[in-house]
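Keep the 3D view open while you read.

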Amino acid sequence: MNERVDRWLELLVVWLLSASVLGLVTALAGCFLALQVCLASLLVTGTYAWCMRDRGSPSRVSPDWRHLALLTLVCLFFRLPAYHYVLGGQDEGVYVNVAHHLARTGGIEVQDTALEKLDDPSFKKTYLEENRRADYLPGVYLAEHSGPRLQFQFYHLFPVWMAIFEGLFGATFGIYALTFFSWLSIVFVYRLGLAVSGSPRAALVAGGLLAVNPLHAFFSKFPVTEVPALAFSLVGFTCLAIGRNEAMGAFRSRWLWLSAAAFGCLFVTRISGFMYMPFVLAAAMASAIGDPDRHLRRAMFGWCAAVTVFYALSVGYGLHWSGFYSRDIYGLSFARVFRGHWHAGVFSSAVAALGAWLIIAAAGRGGRARESMQRNLLVPAQHTIGMVVALGLGAGVFKIYQLGWTSHFVQDAWLGKRWHLAGSGWVAVEASSLFQLLVYMGPLLLAGVVMVFRRQNDPKVEFLRLFAAGFLVYASLLQWTVPYGPYYARYLLSENVPYLMLLVVLAWAGMAVGWRKAAISWFLGVSLLYMVVASAGQLGKSENAGLYDSLKRIIAPVGANDLILVTSLQPGWPEVSQIKTPLLYTFGREVVNVSDSSLNDHAYTAALDARFDDVFLLSTAPFAPQGFELVNSERMEVWSFARSFLFPHELMLNAEKRLYLYRLVRSVLPLSHMQAFNTRGAWNAWLISGWSTPESWGTWSLGKHAELSLDPRELPATAGGIRLHFEANVLVAPKHSRQRIGITLNGAPVAQRDVAFPQSNLDFDVDLPEGVLSATGKLIIGFDLPDAASPQAIGIGSDGRLLALGLKSVTATPLNSPAPDPASPSTIRNTK
């Protein structure tokens with residue numbers, strides 16, 4: 001039974017990796033379909049199972065299904081439900097919104113479609129000023145400053161998995177991909193512990209510690225990439241440990257390939273994969289020196305080469321599909337070490353490391369050379385680990401002292417000016433990564449530090465000691481502050497907390513019975529109880545709870561071809577961009593920022609109205625602007641865990657606002673701004689009868705009578721009335737040299753115009769004094785066209801429509817002429 005469990009875990013790894021690759025490739029190609037990705041992955045997994053059907057058990061000790069069942073129950077107890085975080089602005093909101101966009105569109109490409117629809121330079125300028133600043137939105141970069149192309153921040157494999165779950169189970173279930181990866185990480189820390197120690201009890205303790213750990217429990221519900229990255233790294237190290245098993249022999253390569261592929265998936269989940277490469281090279285060098293088995297050394301060389309190639313491919317992927325983000329992160333990360341010459345520093349270091357690995361691998365072919373390198377390189381390096389950790393911890397403690405009790409960091413842009421940690425005394429201690437490790441590990445941290453200093457007999461545990469020591473130094477010297485928790489404590493989750501706990505458990509399992517093992521057992525028991533209590537504080541609390549449903553309800557009247565204008569919300573959090581992000585990418589609506597001035601710019605709003613079916617306004621103001629009417633309102637609450645330097649336990653109402661949704665029921669004709677009757681005309685709704693389909697230049701009348709219908713409320717309010725200036729074409733030709741145009745207002749004849757060939761343009765004014773504008777009901781301007789003819793009949797084309805008058809535009813200006821005769825409610829003047 002247990003061997004069968006191990007077989008199913010192997011097939012689970014194959015399915016996980018194949019779905020990851022297929023999902024990412026199809027997402028980049030713009031043809032992602034969740035169901036098809038899963039079915040294709042099942043086909044790959046089935047093929048693998050058939051090809052590997054005669055292979056034996058990969059380990060002398062197989063996992064116990066009862067242990068896995070227990071770990072699964074504990075995992076789900078502390079991790080359900082997950083937080084469906086849709087609010088934009090920070091990493092978690094970006095990941096979820098990218099996933100929703102991918103599930104809806106099938107790709108990661110993103111365009112500023114509202115900008116694409118604005119062809120008028122003045123409108124485009126207004127749009128760019130109000131919607132384009134440093135970036136389009138937090139987490140969405142400008143691929144071109146004044147063009148429509150945009151680019152999402154971050155790597156995409158985690159959003160791919162959320163999109164898979166969304167495609168399979170529904171829009172609100174994408175976040176449970178995080179629960180799946182949380183379960184995977186617990187299962188494979190158990191499986192890794194079993195592969196290294198051979199002790200089911202030690203493996204169960206390792207899995208149990210991670211299952212109840214408060215940091216892992218929180219970020220198993222909070223959608224960032226630390227948990228998926230941890231799951232892939234644990235899968236990679238588990239397959240590596242199994243592949244190094246002497247019993248594998250000829251079957252070793254498949255496990256090492258699975259391991260390399262898992263690290264490849266890790267590299268396209270988080271950009272920080274470069275931090276793993278020194279340890280990968282160190283493992284390959286140690287194998288070349290310390291492994292007596294020639295076949296194992298060759299296999300490890302191939303494993304390291306494969307991981308290196310996968311990492312190089314991930315760098316190319318990042319620079320192409322997430323270039324702005326990749327360049328930013330590489331600059332921020334390596335400039336701290338190499339300063340202004342980080343490009344050269346990184347290149348030189350990479351060349352030196354690869355060169356050293358190749359030299360050692362070549363020299364390791366000889367037995368004497370290996371013995372010499374073991375004596376002169378490997379053993380001293382093992383002894384050096386403790387000294388490096390001691391120096392790192394000492395330097396880290398000194399930096400904490402500088403931060404809390406000196407002015408050294410007062411001018412630092414982040415620590416001093418933004419987070420105000422400089423000179424903060426003991427607050428600086430609480431804001432350190434070392435203190436946060438104590439918060440999330442409890443007394444087990446002390447045991448972990450001790451184990452980092454102790455050389456281990458098992459090479460696999462010794463490599464784990466190197467890995468844990470390296471990231472402990474990193475947390476002490478580079479990622480050494482946590483401005484507030486629990487959010488920034490996540491940087492300790494992918495490597496520090498789980499692998500330091502695993503090191504303690506594996507070292508404990510290999511100890512002889514005695515007081516040392518009893519002391520570590522006490523640390524394990526107390527820490528386990530502490531973590532259970534800390535994780536229990538999260539139960540029943542859900543960050544961002546209800547926000548998705550609130551946004552869904554308020555935009556229910558908005559269709560996919562409509563536009564939402566977002567004006568300035570009330571001061572405070574959330575900001576406009578945090579609401580705009582989910583409206584754009586979670587719900588797939590078009591959203592445009594508008595200021596108060598542009599909202600009152602009738603030409604701008606009319607242009608937007610002409611390019612979308614309906615225009616809505618989302619605001620916190622409880623009154624409708626001119627031309628808008630209220631259609632919906634919703635109270636929005638944003639819940640989040642209180643910022644503190646302890647484990648998350650207190651949920652608080654972070655923001656509470658009522659949002660109002662207004663619909664634009666009538667645009668207001670702008671003064672002194674020509675409005676077209678073409679395909680993008682904002683006032684084509686005036687063309688109520690007797691008109692053909694608008695064309696790029698304007699609209700032809702159709703038949704011998706046509707009418708315009710005007711609502712006086714659509715006209716600007718000016719003292720003395722409005723003058724409407726129309727420009728039109730008239731259908732005349734040598735064989736049809738005359739067009740008579742009778743103009744009526746509300747059915748009463750008011751003017752007659754004749755246009756004779758070769759004249760083909762007609763400009764005329766319609767003067768509407770205040771008395772006309774104050775009357776109730778519509779204003780109907782009619783055109784009697786007795787000479788309408790088809791271009792085909794008069795020999796100028798093949799068009800068989802009956803045409804006469806082609807309206808091109810209308811311009812409104814204040815009416816300053818004397819009041820018209822009361823018997824004639826309007827004055828129509830021909831200007832050409």
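## Helices and rings

The crossing of helices H23 and H24 is left-handed, meaning that the near helix is turned anticlockwise from the far one by less than a right angle. The contact (heavy atoms within 4.5 Å) is made by Met501, Val504, Val505, Trp508 and Ala509 of H23 together with Lys517, Ile520, Ser521, Leu524 and Met531 of H24. Sorted by class, these are eight nonpolar, one polar and one charged residues. H23 spans residues 496-509 and H24 spans residues 515-536; their axes come within 10 Å and cross at roughly 145°. Axes are lines fitted to C-alpha atoms over the stretch in contact, with angles from 0 to 180 degrees between N-to-C directions.

This is a predicted model, where local features need pLDDT of at least 70 and side-chain atom pairs count only at pLDDT 80 or more, while totals for chains, interfaces and linings use all residues. Residues are numbered from 1 along each chain as its sequence is written, and side-chain values use heavy atoms, leaving out hydrogens and water.

Now to the rings. A search of the whole structure finds 68 aromatic pairs. Rings of Phe, Tyr and Trp (its six-membered ring) pair if their centres lie within 6.5 Å; planes under 30 degrees apart count as stacked, over 60 as edge-to-face and the rest as tilted. Here are two of the pairs:

| Pair | Centre distance | Plane angle | Type |
|---|---|---|---|
| Tyr317 and Trp321 | 6.0 Å | 35° | tilted |
| Trp419 and Tyr488 | 5.8 Å | 75° | edge-to-face |

Where do Tyr317 and Trp321 lie? Both are in helix H14 (residues 294-321), four residues apart, about one turn of the helix. Tyr317 is buried at 6% relative accessibility, whereas Trp321 is partly exposed at 32%. Buried means under 20% relative accessible area, exposed over 50%, and partly exposed in between (1.4 Å probe, protein chains only).

The pair of Trp419 and Tyr488 links distant parts of the chain, 69 residues apart. Trp419 is in the loop between H18 and H19, and Tyr488 is in the loop between H22 and H23. Trp419 is buried at 17%, and Tyr488 is buried at 16%. Both belong to one aromatic cluster, whose members include Tyr83, Phe218, Trp414 and Tyr487.

Charges also meet rings here. Arg490 lies over the face of Tyr487, 4.4 Å from the ring centre. The charged end of Lys517 sits over the ring of Trp508, at 5.5 Å from its centre. This requires NZ of Lys or CZ of Arg within 6 Å of the ring centre and within 35 degrees of the ring normal.

Conventions
Helices (H or I, at least four residues) and strands (E, at least two) are DSSP runs, numbered from the N terminus. Ala, Val, Leu, Ile, Met, Phe, Trp, Tyr, Cys and Pro count as nonpolar, Asp, Glu, Lys and Arg as charged, and the others, Gly among them, as polar.
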